[in-house]
Amino acid sequence: FWRAESGTLRQGAVALSLSTLAGFVAGFALASIAGTLEDLPGLIILIPAAVGVRGAISGAMGARLGTSTHAGTFEVIWDRTGVLAQNVRAGTVLTLGSSVYVAVLAKVSAIAFGLDSISLVDLITISVVGGSLGSGITMIVTVWMAVTSYRRGYDLDAVGTPMVTAV
């Protein structure tokens, strides 16, 4: 079994290593903006939720593209009825909707816990702009990984989630 799956295990190990390294970098970056988080209350609630949502959207998109590869329905075409175009549209709608939802939840949570917070409009703006930029990048990487995995015969399920997490 281990010999038969050695390629998949190697791909997954490299992806998990990159994901772990990216997690350390993200943690240091967040620690370096502690002053900003103090100046803009409410962001400390918004940031982890927003980052989690972006990963969930692109992770799900990678899983759907991996499934379509295994099912034989994946094609590298941008026809509006194709798997790639449908997933990018779904990811875009989910990003915009979840960005507003997470911002509202951050504001409600801040109020519920008696924390000062920036305005709801500011939280929504930060969430939508940041979400659009972040999801745009992760969607591009996810589509690139799907196309590359498809063409090279890699298992997208082994590398997709760790790489999306890293991005």
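A residue is called buried when its relative accessible area is under 20%, exposed when over 50%, and partly exposed in between (1.4 Å probe, protein chains only). Keep that in mind as we tour this predicted model, where local features need pLDDT of at least 70, side-chain atom pairs count only at pLDDT 80 or more, and totals for chains, interfaces and linings use all residues. Residues are numbered from 1 along each chain as its sequence is written, and side-chain values use heavy atoms, leaving out hydrogens and water.

**The overall fold**
- The protein has 6 helices and 0 strands, taken from DSSP runs numbered from the N terminus (helices: H or I, at least four residues; strands: E, at least two).
- Its C-alpha atoms fill a box of roughly 55 × 35 × 20 Å along the principal axes.
- Of the 167 residues in the protein, 32% are buried.

**An aromatic pair**
- Rings of Phe, Tyr and Trp (its six-membered ring) pair if their centres lie within 6.5 Å; planes under 30 degrees apart are stacked, over 60 edge-to-face, and the rest tilted.
- This rule gives 1 aromatic pair: F74 and Y150 are tilted, 5.0 Å centre to centre with 55° between the planes.
- The partners are 76 residues apart, with F74 in the loop between α3 (43–71) and α4, and Y150 in helix α5 (residues 120–152).
- F74 is buried at 3% relative accessible area, whereas Y150 is partly exposed at 38%.

**Around L84**
- L84 sits in helix α4 (residues 83–112) and is buried, with a relative accessible area of 0%.
- Beyond its neighbours within four places in sequence, L84 has contacts (heavy atoms within 4.5 Å) that include F74, W78 and V143.
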